[in-house]
Structure formats: structure tokens, C-alpha cells
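Open the model in your viewer with the sequence panel alongside. The stops below are given as selections, each followed by what is there.

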Amino acid sequence: MADILQKIEAYKRTEIAAAKKAHPWTAVAEVAKAAAPPRGFLRAIERRLARQQPALIAEIKKASPSRGLIRADFDPPALARAYEAGGATCLSVLTDGPSFQGRGDHLVAARGATALPVIRKDFLYDPYQVIEARALGADCILIIMAAVDDRTARDLEETAAEHGMDALIEVHDEAELERALRLSSRLVGINNRDLKTFETRLEVSERLAPLVPKDRVLVGESGLFTPDDLARLARVGISTYLIGESLMRQADVTAATRALLGRGAPAPAAE
Ligand SMILES: O=P(O)(O)OC[C@@H](O)[C@@H](O)c1c[nH]c2ccccc12
């Protein structure tokens, strides 16, 4: 039986072919060229870390294949503002429709509502999708090593760099990590979730983090719910966190973001 990644690749290839017909490469490139300049995704994270603070990449995600509907009341610009007020450093916006109920215009709206850099969270197989990401205003793209071969990973990374975007290279095991370290991006995400089985274990971060050279910026991804979870990853040198579900399930996203980052409520203004 085909695993979920293979199913996703199949419908993505169909989507990409249709998109190329509807919006030829040159037309998308024109839009990308006219887009507001990239905001510096990696730079924002490094600035936060330099102040000895954890960096949060806060995810805007309505649904997922492993969890179904996560948040019914789904307003991307309001969520983006709530995350920004709660202390997030960057945003992650799902743009995949079939599996995550995402859309490109969620990214446009979220980015337009804040000053935060945004990663396009999607399954990329073709440099066309990287240009598309920039045309939407994305500041960073995701490269999933479980989904692409080395050649494709390099093409995606090069296209991102040519357009001033960063790339987050996502890995889930030692072999993917070894391939990721041959790329030039410094942003390496360890996904605690196995995209083929959905099994999520923080041990994955604990196992892989010590194998990553210090010049890379590590991101702990998926399955993070409590300050203790973050502390657990901090012990292996991970201070940047990509978090979706646990925050998306909260009524007060700003308060939940602050609490997760250990900031509590802001001090009341002096009389
Ligand atoms: O909702 P969580 O468990 O906090 O996970 C967020 C993020 O890591 C997850 O959405 C994710 C990580 N890598 C991906 C690749 C594709 C789609 C989604 C993802």
C-alpha cells in the first residue's frame, strides 16, 4: 500500500501540472519579482537566539491527516496577530489543501497582518513551487528530505537562495540528516513525527541533535505541547521550536503562546 507521502506526491504532481498550465512559469516569476522583499527568516531566529531566548516558529494549521480538524474557528490574519503578540519569532502557514485544508491566500493574509517572516509549509517537488512561494510573499520554504532526492533538494534550495529566501531542511532519521548536511542551508529541522506512520516521539530529536555540527541552527518540530517538552529539547541544544497543534487548540492563542515560552502574562502597566 502506498504510504501517505506517496499519496501526497501523486496529487501534488497533478496540482503542479495544472498550476503550470493556469499560471505559466514566466507569469509567476513576474509576480515573485514584484513581491515585497523577504523578511529574513533565519536572521530573525538568530537574533532571538543571540538574546538567549527561545525562538518559536508558530504554525497556522486548520487540519492535518493525523489529527483531522484541529481548529474550526480559523482566521489566519487574527491567528498571525495573536502569535505575534504572544512572542513568536516566525510564522509557518500550511498551504496544502487536500491534507491540511490550507491555501496560498492564508499565507498572504497571515503575512500581511504581521511583521513576522513566514515559511510556506507544503510539500515541494518542483522549483516552480518555490517561485510560487515567493510570489505569495514567503520568506522561507520547507524541503522534506523524506519526500525528495538529493538532486531535487539541491534545486529547491538553489531556487530559494536565488530569490532571497531561506530553506528549512527537514529530517527524521540519520540517513536523511546525512543528506541534509551536504546541502548549504544552515536551518535544519528534526521532525519528531514520522510522515509515513504519524508516530511522534521526542526521542527522535534527542537522538539526532547531537549529530549536527554547531554551525547549523536546529529546529525541533512536531509533538511539542508543554514547557517541559521544550526544556527536554533544550537539553540537547535545540532552542528553536516549530509548534502547531498544541497552540491551534487554544481559545486564547496569545496567552497560550506566552505560557509555552515561559513568559506568563505581561506585567500590568504601572499606574
Ligand atoms: O502540530 P505539531 O505537532 O506541533 O507540528 C507542527 C509541524 O511540525 C508539523 O505541522 C509538520 C512538520 N513537518 C511537516 C511537513 C508537512 C506538513 C506538516 C509538517
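**First stop: H2 and H6**

Select helix H2 (residues 25–34) and helix H6 (residues 127–136): their axes come within 8 Å and cross at roughly 35°. Bear in mind throughout that the model is predicted. The crossing of H2 with H6 is left-handed. Show side chains for Trp25, Val28, Ala29, Val31 and Ala32 on H2, which meet Tyr128, Ile131, Glu132, Arg134 and Ala135 on H6. Coloured by class, this contact has eight nonpolar residues, two charged and no polar.

**Second stop: H4 and H12**

Next select helix H4 (residues 76–86) together with helix H12 (residues 253–260). Here the axes come within 8 Å and the crossing angle is roughly 35°. What is the handedness of the crossing of H4 and H12? The crossing of H4 and H12 is right-handed. On H4 the contact residues are Leu79, Ala82, Tyr83, Ala85 and Gly86, and on H12 they are Val253, Thr254, Thr257 and Arg258. By class, the contact of H4 with H12 is made of five nonpolar, three polar and one charged residues.

Hide the side chains and show the strands as a cartoon. Eight strands, in the order S1-S4-S5-S6-S7-S8-S9-S10, close into a barrel with parallel pairing. On average, and with direction ignored, neighbouring strands of this sheet are turned by 25° against each other.

Zoom in on strand S7 (residues 166–171) and strand S8 (residues 187–191), which run parallel and are joined by four bridges.

Select the ligand and the residues around it. Which of the 15 residues around the ligand come nearest? They are Glu221, Ser222, Leu242, Gly244 and Glu245. Strand S10 (240–243) and helix H11 (245–248) are the elements that give two or more residues to this shell. The shell divides by class into six charged, five polar and four nonpolar residues.

**Last stop: the annotated span**

Finally, select residues 5–260, where an unreviewed UniProt entry places the feature "domain: Indole-3-glycerol phosphate synthase". The C-alpha atoms at the ends of residues 5–260 lie 30 Å apart. Within that span, 45% is helix and 17% is strand.

Terms used: Residues numbered from 1 in each chain as written. Predicted model: local features only at pLDDT ≥ 70, side-chain atom pairs only at ≥ 80, totals over all residues. UniProt positions renumbered as here; feature names shortened; annotations may be inferred. Near = placed C-beta within 6 Å. Nonpolar A, V, L, I, M, F, W, Y, C, P; charged D, E, K, R; others polar. Axes fitted to C-alpha atoms, helices over the stretch in contact; angles between N-to-C directions. Left-handed = near helix turned anticlockwise from the far one by under 90°. Contact = placed C-beta atoms within 7 Å. Pairing = 2+ DSSP bridges.
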